[in-house]
Amino acid sequence: RSTSGAEPESARARGAGAERGERREGECAAAGIRCVAYNNQSNRLAVSRTDGTVEVYNLSANYFQEKFFPGHESRATEALCWAEGQRLFSAGLNGEIMEYDLQALNIKYAVDAFGGPIWSMAASPSGSQLLVGCEDGSVKLFQITPDKIQFERNFDRQKSRILSLSWHPSGTHIAAGSIDYISVFDVKSGSAIHKMIVDRQHMGVSKRKCIVWGVAFLSDGTVISVDSAGKVQFWDSATGTLVKSHLIANADVQSIAVAEQEDSFVVGTAEGTVFHFQLVPVTSNSSEKQWVRTKPFQHHTHDVRTVAHSPTALISGGTDTHLVIRPLMEKVEVKNYDAALRKITFPHRRLISCSKKRQLLLFQFAHHLELWRLGSTVATGKNGDTLPLSKNADHLLHLKTKGPENIICSCISPCGSWIAYSTVSRFFLYRLNYEHDNISLKRVSKMPPFLRCALQILFSEDSTKLFVASNQGALHIVQLSGGSFKHLHAFQPQSGTVEAMCLLAVSSDGNWLAASGTSAGVHVYNVKQLKLHCTVPAYNFPVTAMAIAPNTNNLVIAHSDQQVFEYSIPDKQYTDWSRTVQKQGFHHLWLQRDTPITHISFHPKRPMHILLHDAYMFCIIDKSLPLPNDKTLLYNPFPPTNESDVIRRRTAHAFKISKIYKPLLFMDLLDERTLVAVERPLDDIIAQLPPPIKKKKFGT
């Protein structure tokens, strides 16, 4: 990730006041995608990235990124797979197989396969066995036990590394792709029964080596392979012979995934193209079928390193960081969530925190934090003007972590005097001192071990308390005074299971703390009495953002299906406005948005306003105005200026939406007249990637 950043040259003024937004140009987003694994039972997708991060998306919850596991410098994940239903495993170039705890959001254990770097992994059709392909040419079989995995045996060792694996649906045979050949093994004996040599010819030229990047074993005994010669090939595993070959690219075909019904499959190439193959009848009345390439898709700029095939969509990911979900229109109902093409680029969590008092922004990267002081302008202008900065933004601090672990979460206090962040094994707290233009940093030593591996950190409004959500389900309250801290209390998880808390919200008076876990539940705690106050009624979509209104102590909660609820903490019930919303319903265009709300805040002088944003829009909900119905224009509520006031009032509704910003990572009010927005243009991310494969175009 790039850490270089050009200082913003201008501030954008909106409206009559000095609302200004400054753009930070450093990389503060996701890394490239290495592999994906789709779970048909739970309709979830696991994604691993080049920095070792693993994410889990709930496709049933509007494709929300509900869980993530931070990366590690020594973990280059090469393979992901689901087994035993809901259990997630990964393997990589460090030679270890790891299982993830999807409740506590940590790694359960790591087992060394003793075969060098692991290039491929596949779970058996029954889910009870795990197969890994190693650098030394070995294929190793592991038995999955209730709490771990256990080595069972080696298959016949091959001459070169095992780059791809696939089980026959019956579980009796496996196919293994290597360099220049494909091996077919009998699982019972562990011996290779066929070795199929792959043609090295590429565009009429004999290449030195042909790498078999992916294999798929079908029920009828066909093995489909994709390779570095740009070919998709069909093999008869019973005779070890080539049946058919498709040359589809001038570069590597790097990935393959087959539908559960085996009537279609998808492949991804190094040219950024995704091809869809379908099994269709030879003639209109024929029972004989053949594989035909039906659709090419170009939604990526760089290598498509991995693909998956869900019942309703083709999923692809690669170097350009985009997770692309392309619906199969014949498989989905039109005009619902599943019918839209989605490109997920940014994390569904916040990587930026703000000190409103000192007008500072803290940016979280994989291995360091950056602290910036916002610039300012004395110029004035009308709506839409871009104003010159009288004072540029200042880069105050570059705080690098020690060790190979990625940062999980970070936060700066509202007063700007404290910075806290956490990795998997350590929690760090720093005290900041400001003297004119100089800033000094002092680390608070001897942090208690129970604070490590925080999933969420939040300071109280007056910066005297620190709230820490650990991955063991506990919520810790720490008192801050001077340069020291004192542990006040720990709220333990409510049930016997460990549920990690991923989102926190504290009231401006410091009396209430709301916490949301990996499921859809929200608990509210009384900070003064140190006890659980209430639990918000369960909702079947996960929480994406929440905040507590300053005057009323109403908790506003956004869910992944784009519903927004308002819950009165003192009264322990939904507010009248919230009940009205649920009775009337939101505008259909609002519900069809495909990016989750990531932040909610409030205007200090306008209690009827709720401010929220997702990656592509900023919205003010005015509770004093009527909700728009489906016949109303949602995104253009203001009529032309020459319309009469009667029509203006008639068309005004509660939603004021701005889509002028490029992808938004952060937006919040600094004070009642100042708004700060942090954009992350997609072009900047693409510009930092290596150049894509050049393709010859007609006429050039």
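What percentage of the 700 residues in the chain do buried residues make up? The share is 58%, where buried means under 20% relative accessible area, exposed over 50% and partly exposed in between, with a 1.4 Å probe and protein chains only.

The model is predicted, so local features need pLDDT of at least 70 and side-chain atom pairs count only at pLDDT 80 or more, while totals for chains, interfaces and linings use all residues. Residues are numbered from 1 along each chain as its sequence is written, and side-chain values use heavy atoms, with hydrogens and water left out.

**Overall fold**

The chain has four helices and 58 strands; these are DSSP runs numbered from the N terminus, helices being H or I with at least four residues and strands E with at least two. Of the contacts (heavy atoms within 4.5 Å) between residues at least 6 apart in sequence, 48% join residues at least 24 apart. The accessible surface is about 29,600 Å², and carbon and sulfur atoms account for 51% of that surface; the areas come from the Shrake-Rupley method with a 1.4 Å probe.

**Nonpolar cores**

A nonpolar core is a set of buried Ala, Val, Leu, Ile, Met, Phe, Trp, Tyr and Cys residues joined through side-chain atoms within 4.5 Å. The largest one has 35 residues, and Leu88, Phe427, Leu429, Ile457, Phe459 and Leu466 have the most contacts inside it. Strand β41 (residues 454–459) supplies the largest share of this core, four residues. Beyond its neighbours within four places in sequence, Leu466 is in contact with residues including Phe427, Ile457, His476 and Val478. A second, separate core has 23 residues, among them Ile600 and Leu634.

**Cysteines**

There are zero disulfides in the structure, a disulfide being a pair of cysteine sulfur atoms within 2.5 Å. Cys502 is partly exposed at a relative accessible area of 22%, whereas Cys534 is buried at 8%.

Strand β15 (residues 173–177) is largely enclosed by the rest of the structure, because four of its five residues are buried. Strands pair if DSSP finds at least two bridges between them. The pairings of β15 are tabulated below.

| Pair | Sense | Bridges |
|---|---|---|
| β14 (residues 164–167) and β15 | antiparallel | four bridges |
| β15 and β16 (residues 181–186) | antiparallel | five bridges |

Ser164 has Gly177 in β15 as its bridge partner, and Ala176 stands opposite Ser183 in β16. The β14 and β15 hairpin has five residues between the strands, with Gly171 at a positive phi near 80°. In the β15 and β16 hairpin, three residues lie between the strands, and Asp180 takes a positive phi near 80°.
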